[in-house]
Structure formats: structure tokens, C-alpha cells
Amino acid sequence: FPYTTLFRSEPANPDEKVEPLDPPEPAWKGQKRCVLTTDAAFTLRSDRKPTGDEEENELLRFELGQGVALADGFAVGVIESGGVSQARVAFVDGRGAGTVVEGGAVHGDVNPPRLARFGTGVVGLVEDSDASGRVYRLFRIGDAATKQVDKGPDFADGRDESAAVALAITAQGKGLIVWDREEKSRATSELVRVTFDPQTLRAGKIERLSAAGRDEEAPLLVTRPGGFYLVAQSFEKLGRDIGAGQAEGLGVVEEPPAHLFAQPLDEEGRPSGARIELISGAHHVAGIDAARDVDDSLLVAVRLAGSSEESRHLRLVRLRPDGSKSERVFDSDELGLGIPLFVAIEGAAPWLLAREPSGAFWASVVPSGDGQLVLEPEFELAHREPLAASPTSWLVFEPRGRDVDLKKITCKASFATPPAAVPPAPASAAPS
């Protein structure tokens with residue numbers, strides 16, 4: 001895997017062709033930033049007897065969502081598939097020991113529970129379905145040791161093909177859920193929101209978040225001082241074929257292009273400032289993730305879809321608290337799919353992972369600097385999936401047949417040898 005550099009800063013001439021730098025061999029080549037802490041693992045095992053297809057194909061039974069870091073360990077949402085699927089939350093403590101809390105049976109093709117940290121435990125959202133369609137069920141687990149699950153209200157989504165839902169809780173204890181809901185009569189999608197108290201699990205009423213006449217979907221939520229940032233996609237063409245664009249591969253796109261925008265929200269989930277277009281123009285999006293930086297900037301990483309040269313770029317957009325915006329473009333043929341994933345770390349800058357089928361590439365995201373962001377392979381992560389991170393360790397999962405191992409690794413934000421060999425940025429680049 002070659003050393004590569006992120007190099008372009010917005011604004012940039014769209015006709016300008018910037019060639020990647022040809023740097024000298026980096027001083028830290030061959031060093032590891034991520035090291036497996038111990039071979040010990042907490043293994044998720046199923047007592048359910050596999051069906052004939054599963055026996056033949058060795059299908060993985062567990063699907064894991066993104067986890068959260070707790071005061072002493074981690075929590076991650078889990079779905080065990082087959083027959084009647086089961087929703088669970090797996091907890092791994094600081095010593096690597098684990099326990100599983102049952103969330104109940106779920107029906108249909110559903111995603112793992114979404115989680116947000118609250119106190120010493122988690123608040124979560126289980127996806128389920130009933131006769132009326134998709135349902136989201138709110139719950140809280142205050143302490144993994146007691147395995148007590150406190151149930152909140154259910155939120156009906158109807159017969160909707162999309163399952164895009166976001167959950168977040170501010171440091172002040174304000175909870176918000178946003179999801180997209182189809183408007184079949186107009187062949188559009190709108191964003192709706194509901195606020196809740198994570199202590200009592202009491203929720204407000206479901207309200208429309210999208211303005212009338214807007215076609216919007218795929219929400220992400222990031223907390224900020226005084227509320228939240230909403231990141232979503234908006235379509236210019238009304239009456240589109242919702243659910244199209246599901247063809248496999250990134251080169252075939254059937255849906256119209258979308259505008260990516262960020263919208264500041266207050267603690268009640270109401271718009272509290274102007275919405276900001278993150279990337280100029282409309283694009284087909286293959287993958288997107290968002291996170292909060294240590295300076296309270298919003299970071300959005302985007303991989304575009306399609307066959308054009310532009311689709312090979314991994315874009316990193318920074319929206320600062322004062323409303324100013326900058327963009328960096330990473331261009332590498334070696335990225336493969338390059339679907340972005342942020343790993344948030346409390347009190348530190350998040351790490352950005354660009355994934356591709358045969359390995360994992362990492363970029364350290366810094367709040368300021370000389371315009372350089374370095375991307376290096378992390379071989380300890382090549383066949384593992386990061387779930388969550390704390391300032392001292394990370395939680396990853398590793399498939400083991402039909403079972404799953406949850407392991408802890410240690411990652412440091414820099415190499416033992418200072419990166420003195422990083423070449424200077426092009427003269428046109430500016431700090432992010």
C-alpha cells in the first residue's frame with residue numbers, strides 16, 4: 001500500500017488537475033499504530049441450530065452495528081438472524097470480559113440496534129416490523145450487570161423501504177431521533193423528528209423536519225454545543241422512483257443526484273440556522289459518515305458513486321462553528337470502494353477509516369495544521385471491523401465461522417518516529 005497525501009483545499013478551480021505528490025519514503029514505514037492488546041476475546045455464540053442453507057454456506061449469524069464507548073468498556077448492538085431474529089446489546093468491560101443483554105425478538109430484515117451513551121449505560125433504538133410496517137422501539141439499559149431493559153415508546157414508520165434512522169443524545173441529556181419517511185402520494189421522502197428524555201424515556205410527538213415540498217432522506221446526527229447537526233441528502237427532482245438505485249456496484253446509479261447539506265438544530269431538534277451545502281452541486285453518494293472534532297467542527301467524509309474520475313475521490317468537509325467551510329480531496333486508485341467510517345474518541349480527534357475489500361486505510365483527522373493529512377495502512381485492522389474507541393483502547397470484531405470474536409486493540413494517534421518526511425503541501429493548499 002503506498003504512502004499517500006490529502007492535498008486539495010476549497011475553493012479550487014473545478015477545471016484544475018492536481019497531480020498527487022511523489023514523496024520520499026516515509027520515516028515511519030513499517031511501524032504499527034494499532035496493536036492487538038491480547039488474544040483473549042469475548043465470543044458471541046448462538047445456541048440455535050443452523051438451517052440447511054447455513055450449514056452448507058457457513059453463513060455468519062450475527063450482524064453488528066456501530067458501538068459506543070462507556071466509562072469502563074464498550075457496548076454494541078447485535079442482531080442474530082435466522083428463524084425469528086433476536087436483538088441484543090453486547091457489553092465488553094475494561095478487562096475484555098463480556099455479557100449480553102437480550103432485547104427481544106424482531107421481525108423482517110432489520111438492522112442492529114442503534115445506541116447512544118447515557119450515564120453508565122446506553123439508550124437504544126430497536127428496528128422491528130408489525131402488521132402496519134416498520135416500527136422503532138426505544139429502550140434503555142442503565143447497567144449491564146443487572147441486564148434490566150427499560151422500555152420506552154414505539155414510533156411507527158409505515159411501509160417504507162428505507163431504514164435510515166439517526167439517534168443522538170447531547171451532553172446535557174437531550175435526546176433526538178430523526179428518520180426518513182416516504183410520502184408515496186408525492187413519490188418523495190421527508191425527514192421527521194421526535195425528541196425524548198433519556199432519563200424517563202418520555203417522548204414528544206413526531207413532527208416533520210423537512211420543509212414542505214422538499215425531498216430529503218438518509219439523515220445523520222452529530223451533537224454540537226447547544227444542540228445537533230443534521231446531515232442529509234436533498235433531491236431536486238420531485239416524484240422520483242424511491243427505492244431505485246439499488247443495483248449492485250458503484251458504477252450503476254438509477255436515482256437522481258442529491259445535494260448534501262448540513263443543518264444546525266437546537267436541543268429540541270428545530271432548525272436554528274441556515275442549512276449549508278457541503279459539496280457544490282448534486283452528486284450520487286456511495287458512502288458518507290459524519291463526526292464532531294475537538295474544536296466542535298462538523299466533519300463529513302463522502303465517497304461519491306459512478307464511473308467518473310471524481311468518484312475515485314474521498315472528500316473530507318469541515319464545517320466550523322463560525323459557519324466557514326473547507327474541503328479536502330483524497331485521490332487514490334488504491335482505495336477501491338473507499339467507503340468512509342469515522343471512529344469517534346471522547347476528548348480527541350476522530351479517526352477516519354476508508355475501507356476497501358482487501359484491507360483498511362486510516363487517516364488521522366487533525367483540527368489544524370499545515371494542510372497535510374496522512375493515510376497509512378493498519379494491518380491489524382485488515383480483517384477486523386472497528387466498532388468503537390475510547391482514549392485507551394478500541395473494540396473490534398473478527399468473524400470466527402458463524403460466531404464473532406470481540407477483541408480489544410490499542411491504537412495511538414501518531415507513529416513512534418515523528419513523520420518528518422511528510423512533503424510540503426502544494427502552494428494552493430490552505431490549512432483546514
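Among contacts in the protein between residues at least 6 apart in sequence, where contact means heavy atoms within 4.5 Å, 52% join residues at least 24 apart. The structure is a predicted model, in which local features need pLDDT of at least 70 and side-chain atom pairs count only at pLDDT 80 or more, while totals for chains, interfaces and linings use all residues. Residues are numbered from 1 along each chain as its sequence is written, and side-chain values use heavy atoms, with hydrogens and water left out.

The protein has one helix and 32 strands, these elements being DSSP runs numbered from the N terminus, with helices (H or I) of at least four residues and strands (E) of at least two. Of its 432 residues, 50% count as buried, where buried means under 20% relative accessible area, exposed means over 50% and partly exposed lies in between, as judged with a 1.4 Å probe and protein chains only. The exposed surface comes to about 19,200 Å², and carbon and sulfur atoms supply 50% of it; these areas come from the Shrake-Rupley method with a 1.4 Å probe, and for residues only the protein chains shown count as cover.

Strand S30 runs antiparallel to strand S31 (residues 394–400), and four bridges join the two, two strands being counted as paired if DSSP finds at least two bridges between them. The hairpin connects S30 to S31 through four residues, and Ala389 has Trp394 in S31 as its bridge partner.

A loop position elsewhere is also covered. Thr170 lies in the loop between strand S14 (165–169) and strand S15 (175–183), and it counts as buried because its relative accessibility is 4%. Once its neighbours within four places in sequence are left aside, Thr170 is in contact with Thr223, Gly227, Phe228 and Glu267.

Side chains of opposite charge can pair when their charged atoms come close. A salt bridge is taken here as a side-chain nitrogen of Lys or Arg within 4 Å of a carboxyl oxygen of Asp or Glu, and by this rule the count comes to 24 salt bridges. In one of them the side chains of Arg88 and Glu102 meet at 2.8 Å, N to O. This pair links distant parts of the chain, with Arg88 in strand S8 (residues 85–93) and Glu102 in strand S9 (residues 98–106), 14 residues apart. Arg88 counts as buried at 16% relative accessibility, whereas Glu102, at 44%, counts as partly exposed.

Arg95 forms a salt bridge with Asp93, the closest N and O atoms being 2.9 Å apart. Here Arg95 is exposed, with a relative accessible area of 69%, while Asp93 is buried, with a relative accessible area of 16%.

Glu327 and Arg315 meet through their side chains in a salt bridge of 2.4 Å, N to O. Glu327 lies in strand S25 (residues 325–331) and Arg315 in strand S24 (residues 313–319), so the pair ties together parts that are 12 residues apart in sequence. Glu327 is buried, with a relative accessible area of 7%, and Arg315 counts as buried at 10% relative accessibility. Elsewhere, salt bridges that share partners join Arg114, Glu127, Arg134 and Asp157 into one network.
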